[in-house]
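Here is a protein model to look at. Some questions and answers about it follow.

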Amino acid sequence: MKLAILGTVGVPGRYGGFETLAENLVRQHQTCGWQAQLTVYCSAPAYPERAPAFLDAKLRYSRLKANGLQSIFYDAVTLLDCARRGNDVALLLGVSGAWILPFLRLFSRMRIVTNVDGIEWRRGKWKRPARLFLRFSEWLAVRFSHQVIADNDGIADYLREFYGIDATVIAYGGDHAVACADPLPDEARLPKLPKDYALALCRIEPENNVAMILEGFAAAGRPLVFVGNWEQSEYGLRLKELYRETVGIHLLDPIYEQAILYQLRAGASVYVHGHSAGGTNPALVEMMHFGAPVIAFDCVYNRNTTENQAIYFDTAVTLTRIISDRLPRELGNSLRDIAVRRYSWSQIGCKYLSVFSDEFTKPP
């Protein structure tokens, strides 16, 4: 079987959840001896060294960027290349390049497996034209993929209700976050952290309820370390300016080094998760492996992910009340048990391999 992974910046993963998924599927491919030739498509601007391979996976590069407007063409061009090179199964991560699928299906027998991610068109950051395009892309992905992956039961329910399909539910692993292979960083390289701090870590976007979290902690006077891309949007810049002098609130720029992230997570007394859009969030799954209590925004995706074992908030006032008292560390034990049971890469890899194998054996 010739298998390809598309739709990410590339591997090794340095950016978001899809990149982490791609990297860990490559690791599972090597560790478990998948009987497949694996290719991962990468964006050349993000990898100027252009290594020919990562572990046992062959890498192919596109000159286009994988994010922003160019992602529409990046995904389409790499899909066409993938089909031209005779791959049997392609895993497409995201729907922005789905517009090419109707044309691809006319001449290619390659099986398309698409992970639709969250309900992207509902995110507050998009303006109406982008929302219309993303919704159309979502329809194309569902209509013209041979198999659709949802990362949360809430997303599967949405796909069943709106499109009448039964998606395969596969979440993400998070155990790589506690199995950090990087050496511990020098203490001097670690950010200065307050005692007994809560941790939040996300893209600084309205649907992640960043403003609500900051308001809640400012009112409670509890220490909060918040890691995010504060300077990538007017929204982030405004919040950074508003809270930069607030006692107890520490706003850090994005951190990609796993060893430093490990130290931040391991030292947190509680994790605050504000995501309201999308399905199973990789950052939440990763943090559950640390066994810290989790305070999550109250939505079906977070409740499904945590099996109702987190503490939930829906307003700044509710959050302030929750964090006014110190939460016992033991509250996180059940979350760690869930993470071990559901969110390890060995399990996730087996589920993906099962989907790929099923598609490979189906007639054209």
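A pocket is an open set of points on a 1 Å grid over the protein atoms alone, with protein on both sides within 12 Å along at least five of seven lines. This is a predicted model, in which local features need pLDDT of at least 70 and side-chain atom pairs pLDDT 80 or more, while totals for chains, interfaces and linings use all residues. Residues are numbered from 1 along each chain as its sequence is written, and side-chain values use heavy atoms, without hydrogens and water.

Q: What is the volume of the second largest pocket?
A: A volume is the space filled by probe spheres set on the grid points, which are joined across faces, edges and corners. For the second largest pocket this comes to about 210 Å³.

Q: Which residues line the second largest pocket?
A: Lining residues have an atom within 4 Å of a point. For the second largest pocket they are K125, R203, I204, E205, P206, N229, Q232, S233 and Y235.

Q: How is α6 oriented relative to α11?
A: Helices are DSSP runs (H or I, at least four residues), numbered from the N terminus. Helix α6 (residues 210-220) and helix α11 (residues 316-323) pack at about 45°, with axes 8 Å apart. Angles under 35 degrees count as roughly parallel, over 145 as roughly antiparallel, 65 to 115 as roughly perpendicular and the rest as oblique, so α6 to α11 is oblique.

Q: What is the volume of the largest cavity?
A: A cavity is a set of grid points where a 1.4 Å probe fits but cannot get out. The structure holds one cavity of 30 Å³ or more. The largest cavity has a volume of about 60 Å³.

Note on methods. Axes fitted to C-alpha atoms, helices over the stretch in contact; angles between N-to-C directions. Helix = DSSP H or I, 4+ residues; strand = E, 2+ residues; numbered from the N terminus.
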